[in-house]
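Please keep the sequence at hand as you read.

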Amino acid sequence: MVRLCGDGWAAAVPTRRQILEDLRDGELSAGQITSRFSISGPSISRHLGILKGAGLVTERRDGEEA
C-alpha cells in the first residue's frame with residue numbers, strides 16, 4: 001500500500017501530481033494506482049519510486065500487495 005507523506009519537487013510531473021492527488025483520500029495499492037492511468041505498470045512504478053525517493057509517499061507490504 002502506498003500513502004501520501006508530503007510535497008516537493010518530484011510533484012512537478014502531471015502523472016506524479018495526479019498520483020499524489022489520488023492518495024489524498026488514503027492508501028492505494030500499486031495496482032489500484034496503475035488502473036487509474038493509461039500508461040504501463042513499469043512507468044507507474046518508476047513514478048512511485050521517484051515519489052518515494054523524494055519522501056512524498058511511503059510503501060508498506062500488505063500480504064502480496066505493495
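Are H1 and H3 roughly parallel or roughly perpendicular to each other? They are roughly perpendicular (the word used for angles of 65 to 115 degrees, where under 35 is roughly parallel, over 145 roughly antiparallel and the rest oblique).

## About the model

This is a predicted model, in which local features need pLDDT of at least 70 and side-chain atom pairs count only at pLDDT 80 or more, while totals for chains, interfaces and linings use all residues. Residues are numbered from 1 along each chain as its sequence is written, and side-chain values use heavy atoms, with hydrogens and water left out.

## The chain as a whole

The protein chain has 3 helices and 2 strands, arranged along the sequence as β-α-α-α-β. Helices here are DSSP runs of H or I with at least four residues, strands are runs of E with at least two, and numbering starts from the N terminus.

Of the 66 residues in the chain, 33% count as buried. Buried means under 20% relative accessible area, exposed means over 50%, and partly exposed lies in between, using a 1.4 Å probe and protein chains only. Contacts, meaning heavy atoms within 4.5 Å, also say something about the chain: among those with a separation of 6 or more, 66% come from residues 24 or more positions apart.

## How H1 meets H3

Two packed helices are described by the angle between their axes and the distance between the axes. For helix H1 (residues 14-23) and helix H3 (residues 41-53), the angle is about 75° and the axes are 10 Å apart. The axes are lines fitted to C-alpha atoms, for helices over the stretch in contact, and angles run from 0 to 180 degrees between N-to-C directions.

Which residues in H1 meet H3? Thr 15, Arg 16, Ile 19 and Leu 20 do so, and their partners in H3 are Ile 44, His 47, Leu 48, Ile 50 and Leu 51. Sorted by class, this contact of H1 with H3 has 6 nonpolar, 2 polar and 1 charged residues. In this scheme Ala, Val, Leu, Ile, Met, Phe, Trp, Tyr, Cys and Pro are nonpolar, Asp, Glu, Lys and Arg are charged, and the others, Gly among them, are polar.

## Arg 16 and Ile 50

Arg 16 sits in helix H1. Leaving aside residues up to four places away in sequence, Arg 16 touches Ala 10, His 47, Ile 50 and Leu 51. Arg 16 is buried yet has no salt bridge, and the nearest side chain of opposite charge, that of Asp 22, is 13 Å away. For charge, Lys and Arg count as positive and Asp and Glu as negative, while His and the chain ends are not counted.

Ile 50 belongs to helix H3 and, at 30% relative accessibility, counts as partly exposed. Ile 50 and Ala 10 are 40 residues apart in sequence, but 6.7 Å apart in space from C-alpha to C-alpha.

## Salt bridges

How many salt bridges are found in the whole structure? The search finds 5, where a salt bridge is a side-chain nitrogen of Lys or Arg within 4 Å of a carboxyl oxygen of Asp or Glu. One of them pairs Glu 21 with Arg 24, with the closest N and O atoms 3.2 Å apart. Glu 21 is found in helix H1 and is partly exposed at 45% relative accessible area, whereas Arg 24 is exposed at 58%.

Glu 59 has two of the bridges to look at here. With Lys 52, the closest N and O atoms of Glu 59 are 3.0 Å apart; with Arg 61, they are 3.7 Å apart. Glu 59 is partly exposed at 36%, Lys 52 is partly exposed at 44% and Arg 61 is exposed at 61%. Through shared partners, these salt bridges join Lys 52, Glu 59 and Arg 61 into one network.

## One more residue in H3

Ser 45 also lies in helix H3, and its relative accessible area of 46% makes it partly exposed.
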